[in-house]
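Please keep the sequence and the structure at hand while reading.

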Amino acid sequence: IMGLRSNRGLATYFYTLLREFHPAVSMVGGFGSDEMYEDLLDLGSPDVFFCISYASAFYASRVIEASRFLHEQEVPQVLLTDKLDNPVVPLARSVLHVPCPKDHFSLAPAMSVLDSLLAEIGRKAPGRSKTKLRKLWKAVTESEIAVRSENQGERKENPVP
């Protein structure tokens with residue numbers, strides 16, 4: 001997954017939640033886009049590059065560079081964008097075209113699409129996710145990283161069904 005500048009939050013959100021279903025997910029340029037080739041070189045044809053280039057007057061050149069590099073390596077790509085004139089469109093195998101509101105800046109439409117993708121992925125792989133979430137809930141509560149809100153009453157069990 002890669003998203004830079006105003007798209008970094010979307011990429012981080014998608015990465016964090018997608019890892020609940022697929023632990024092998026990685027975030028390209030997570031330590032800075034100048035380090036992206038270390039991440040890109042780990043990808044091959046069985047992988048998919050999910051690129052977010054959304055709601056900006058300018059396109060992040062490092063995202064285009066990464067997409068071109070992976071296109072040459074024949075790594076399939078999915079692009080989430082609001083404009084079909086995005087230079088990554090011809091390089092992507094699939095394009096999620098999600099128009100941005102015209103009167104104000106908002107990432108909400110893109111976030112809705114990412115939420116829908118996560119819901120569908122979760123629906124298709126519920127076992128792994130529920131098992132991991134149960135273990136995670138136990139670990140963070142036992143180590144007191146997270147505590148239940150006092151508004152929850154006497155319910156002490158794991159909130160993951």
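Four strands form an open sheet in the order β1-β2-β3-β4, with parallel pairing. The edge strands are β1 and β4, each of which pairs on one side only. Two strands count as paired if DSSP finds at least two bridges between them. The model is predicted: local features need pLDDT of at least 70, side-chain atom pairs count only at pLDDT 80 or more, and totals for chains, interfaces and linings use all residues. Residues are numbered from 1 along each chain as its sequence is written, and side-chain values use heavy atoms, with hydrogens and water left out.

**Overall make-up**

- The protein chain holds five helices and four strands; helices (H or I, at least four residues) and strands (E, at least two) are DSSP runs, numbered from the N terminus.
- Read from the N terminus, the order of elements is β-α-α-β-α-β-β-α-α.
- The C-alpha trace of the protein chain spans about 55 × 40 × 30 Å along its principal axes.
- Of the 161 residues, 35% count as buried; buried means under 20% relative accessible area, exposed over 50%, and partly exposed in between (1.4 Å probe, protein chains only).
- Among contacts with a separation of 6 or more, 61% come from residues 24 or more positions apart; a contact means heavy atoms within 4.5 Å.
- The accessible surface of the protein chain is about 9,900 Å², and 55% of this belongs to carbon and sulfur atoms. Accessible areas come from the Shrake-Rupley method with a 1.4 Å probe, and for residues only the protein chains shown count as cover.
- There are 19 positive and 20 negative side chains, and the centres of the two sets lie 6 Å apart. Lys and Arg count as positive and Asp and Glu as negative, while His and the chain ends are not counted. The place of a charge is taken as NZ of Lys, CZ of Arg, CG of Asp or CD of Glu.

- β3 pairs with β2 (residues 49–53) in the parallel sense over five bridges, and Phe49 stands opposite Gln77.
- β3 and β4 also run parallel, joined by four bridges, with Thr81 opposite His97.

**Leu96 in β4**

- Leu96 lies in β4 (residues 94–97) and is partly exposed, at a relative accessible area of 25%.
- Leu96 touches Phe50, Val78, Leu79, Leu80, Thr81, Val113 and Leu117, leaving aside residues up to four places away in sequence.
- The C-alpha atoms of Leu96 and Thr81 are 6.3 Å apart, and the two residues are 15 residues apart in sequence.

**Helices**

- α3 (residues 61–72) has 12 residues and reaches 17 Å from first C-alpha to last, close to the 16 Å expected at 1.5 Å a residue. The expected span is 1.5 Å times one less than the number of residues.
- The buried residues of α3 are Val63, Ile64, Ala66, Ser67, Phe69 and Leu70, and they pack against β1, α2 (36–40), β2 and β3.
- An α-helix has 3.6 residues a turn, so residues three or four places apart point the same way.
- α5 (residues 126–142) has 17 residues and reaches 24 Å from first C-alpha to last, close to the expected 24 Å.
- Gly9 sits in α1 (residues 8–18) and is partly exposed, with a relative accessible area of 49%.
- The C-alpha atoms of Gly9 and Ala110 are 11 Å apart, although 101 residues separate the two along the chain.

**Positive phi values**

- Most residues other than glycine have a negative phi.
- Arg5, in the loop between β1 (2–3) and α1, has a positive phi near 55 degrees. Arg5 is exposed, with a relative accessible area of 72%.
- Glu74 follows α3 and has a positive phi near 60 degrees.
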